[in-house]
Amino acid sequence: MASLTLDALTKRYGDNVVVKSVSLAVRDGEFLVLLGPSGCGKTTTLRMIAGFVPPSGGSMRIGDKDITTLPPWKRNAGLVFQSYALFPHMTVNENVGFGLDMRKVDRAETTARVAEALRLVRLEGFGERYPRQLSGGQQQRVALARALVIRPDVLLLDEPLSNLDAKLRLEVRLEIRALQQQLGLTTVMVTHDQEEALTMADRLVVMSDGAVRQVGTQSDLYERPADLFVADFVGRSTMISGTVAGAGAFRSDGGLMLSCQLSSAEGAATIALRPERLTLGAAAQGLANHATGKVTFVSYLGALLDVHVRLNDTDHVVVQIPNRSDGHVPAVGDMIEVGWPASACLVFPREVA
Amino acid sequence: MMADGRLVGRVALYGVAWLTLAFILMPLVFVTWLAFFAQEIPSFPPEGYSLKWFGAIAANRNFVTGFSTSLQVAVAATLIGLLIAVPASLILARRQFAGSAVLNQFLLLPLVVPGVVMGTSIYVFQIETEIATGLPILGSLGGLVAGHTLLVIPWTVRLVTASLTGLDRAAEEAAQSLGANQWTTFFRVTLPAIRPGVVAGALFGFVTSFGNLEMSLFLVGPGRVTLPIAILQYLEWKIDPTVAAVSVLQILLIAVAMIITDRYVKLARVV
């Protein structure tokens, strides 16, 4: 295992820049997740690390070794694909042993290491089967064993869980994370599923339009999003647009005067509010910001309720409240008090489109 | 009413299907039947049955050498055809370049151009080449193989390309990330995955070459015959069940080839 460093990595197709000068340092044993909507450049970045896409600029290092121009077969990177990509004509043992065969490892050691890798992914006794005889989850675990058995310097996961059904996804997610920690694997995973990203990563990288928007831990991204895009993409936010009117003061387009902990200069700005930071009813009155609004929609999520409240003609917020049996469930049309503390307002200057 | 209409429809469908099948099989059935007639002039009803015509094949030198030539040419043409078609298909299936669609159609052309036209043009080409270079091309076994390779290529290209488009590129990338260079990846991962297409293409190419008459007529040298030419020459002088017996052997050969092939790759899945 080793660290992985990307320095101003860039990919251009003609005039179209799909990865814009991405620099990242993945620490030894760290699980880094590249997160972003489709087309944000995360997959291209991963494929450059794997060696399938030649960069147009910048460099990559594993440990102290420059790998920028090395072909994929000389990088010692373990790769797991969304489609599993097992070799259909080989048994599980042959699939897992393939990388060792390429490294000219002798037969006795290969047998031992393949068995060990299959034990790690809890597939002992499946060695003689063919991929088509396995379920999706089992196939993905074979793919993982195949990538691990070569003792890669970095493990690269390309949307590894997307083809699994929801329940299995949770299970394999935890399994991969546990293995990664147990073996101390330097890992880079690409995903568009933020829940997956949040549960697995040590640190996350949010990308859009080929550029890195923010790098940080889960709470960095959630509590202190660097920009409106991150606030919107990670977790849920309702947005209120308006203007910063002075220190700690914000006037919404609908005319509400709100107090915030300001991080933005005066001028056009947008406030992002996390739905669970808002309060309904009498308790709202003591908070720095409160207003009365009309319930327009209630969505019942089981343990939680989402209450949509229109504050005036332009401003509306979503409030998430726990679904308690003793509590009052607001009905559509109710007039209700909504409040939130100044610290709940994340203020961002309006992005110039 | 509805039920009646459906019944009529079903009867009509089955009727047409069986008629078509009978239409296809009829010549094969009659030729096979004819091969066992005892009398020399094929006429109905048969006067008795005999295996002597199969013996007559072995006694006819033209049939024996024709068979051997056809076999050699078909095998050689199929192998060379594969060597050209597999790399060509890899590029055609994976790279879009100016003219790639045209090239793809171009490789299928021998299926469309009439055999006589192909034969004539290759004949003229070989004469001109022979005059220009002084090499003995026309009438040589090599010249014949070269012509037949053109017959094999459309089949192999089409079937290998089809099997390549169904292949997951990620498997090849997985192999490379595990330490296999392009060559190892091709032989260990790509080739096994497209094997059904390769085998089926080779089989169809072989059969096409083995049964070809029109092109071979132009390209054989004096004294050299392929099996279809030997049959044609025989028919110029005689009509007796020997020809039917030869055909039966040819049908058997191809049937056996198909059955053996089918054991390894399910042809119905590829074609």
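Among the contacts in chain A that link residues at least 6 apart in sequence, 67% join residues that are at least 24 apart. The structure described here is a predicted model, and the values reported below should be read with that in mind. Chain A holds eight helices and 20 strands, and its C-alpha trace spans about 75 × 50 × 30 Å along the principal axes. Of the 353 residues in chain A, 40% are buried.

Two sheets of chain A are considered in turn. Strands of a sheet pair through backbone hydrogen bonds, and this pairing may be either parallel or antiparallel. In one open sheet of chain A, six strands follow one another in the order 6-7-8-3-9-10, and their pairing is mixed. The edges of this sheet are taken by strand 6 (77-80) and strand 10 (211-216) of chain A, and because each of these has a single partner strand, one side of each is left without a neighbour in the sheet. Ignoring direction, neighbouring strands of this sheet are turned by 20° against each other on average. Within the sheet, strand 3 (residues 31-35) of chain A and strand 9 (residues 203-208) of chain A run parallel and are joined by four bridges. V33(A) is found opposite L204(A), a residue of strand 9 of chain A. A helix is also placed against this part of the chain: helix 4 (residues 136-148) of chain A lies across strand 6 and strand 7 (154-158) of chain A, and its direction makes an angle of about 175° with strand 6 of chain A.

Another open sheet of chain A is formed by five strands in the order 13-12-11-14-20, with antiparallel pairing. Its edge strands are strand 13 (257-259) and strand 20 (346-349) of chain A, each of which pairs on one side only. From one strand to the next, the twist in this sheet averages 40°. Strand 14 of chain A is mostly covered, since five of its seven residues are buried.

The contact between the two chains involves 16 residues of chain B and 18 residues of chain A. On the side of chain B that touches chain A, helix 7 (169-177) and helix 8 (182-211) of chain B each supply at least two residues. Helix 7 of chain B gives the most to this side, with seven residues. By class, the residues on the side of chain B that touches chain A divide into nine nonpolar, five polar and two charged.

Within chain B, a pair of packed helices was examined. Two packed helices are described by the angle between their axes and the distance between the axes. Helix 2 (residues 52-59) of chain B packs with helix 11 (residues 242-264) of chain B at an angle of about 85°, and their axes are 8 Å apart. The angle makes helix 2 of chain B roughly perpendicular to helix 11 of chain B. The residues that meet are W53(B), F54(B), A56(B) and I57(B) in helix 2 of chain B and T242(B), A244(B), A245(B) and V246(B) in helix 11 of chain B. This contact has seven nonpolar residues, one polar residue and no charged residues. Helix 11 of chain B, with 23 residues, reaches 34 Å from its first C-alpha to its last, which is close to the 33 Å expected at 1.5 Å a residue. Buried residues in helix 11 of chain B include T242(B), V243(B), A244(B), A245(B), V246(B) and V248(B).

A further residue of chain B, F23(B), lies in helix 1 (residues 2-34) of chain B. F23(B) counts as exposed because it has 9 C-beta neighbours inside 10 Å, the cut-off for an exposed residue being 12 or fewer. Although F23(B) and G205(B) belong to one chain, they are 182 residues apart along it, and their C-alpha atoms are separated by 25 Å.

Technical notes: Residues are numbered from 1 along each chain as its sequence is written. Chains are lettered from A and ligands numbered from 1 in the order in which they are written. This is a predicted model: local features need pLDDT of at least 70, side-chain atom pairs count only at pLDDT 80 or more; totals for chains, interfaces and linings use all residues. Two strands pair if DSSP finds at least two bridges between them. Axes are lines fitted to C-alpha atoms, for helices over the stretch in contact, and angles run from 0 to 180 degrees between N-to-C directions. Two residues are in contact if their C-beta atoms, placed from the backbone, lie within 7 Å. Ala, Val, Leu, Ile, Met, Phe, Trp, Tyr, Cys and Pro count as nonpolar, Asp, Glu, Lys and Arg as charged, and the others, Gly among them, as polar. A residue is buried if 20 or more other C-beta atoms lie within 10 Å of its own, exposed if 12 or fewer, and partly exposed in between; C-beta atoms are placed from the backbone. Angles under 35 degrees count as roughly parallel, over 145 as roughly antiparallel, 65 to 115 as roughly perpendicular and the rest as oblique. The expected span of a helix is 1.5 Å times one less than its number of residues.
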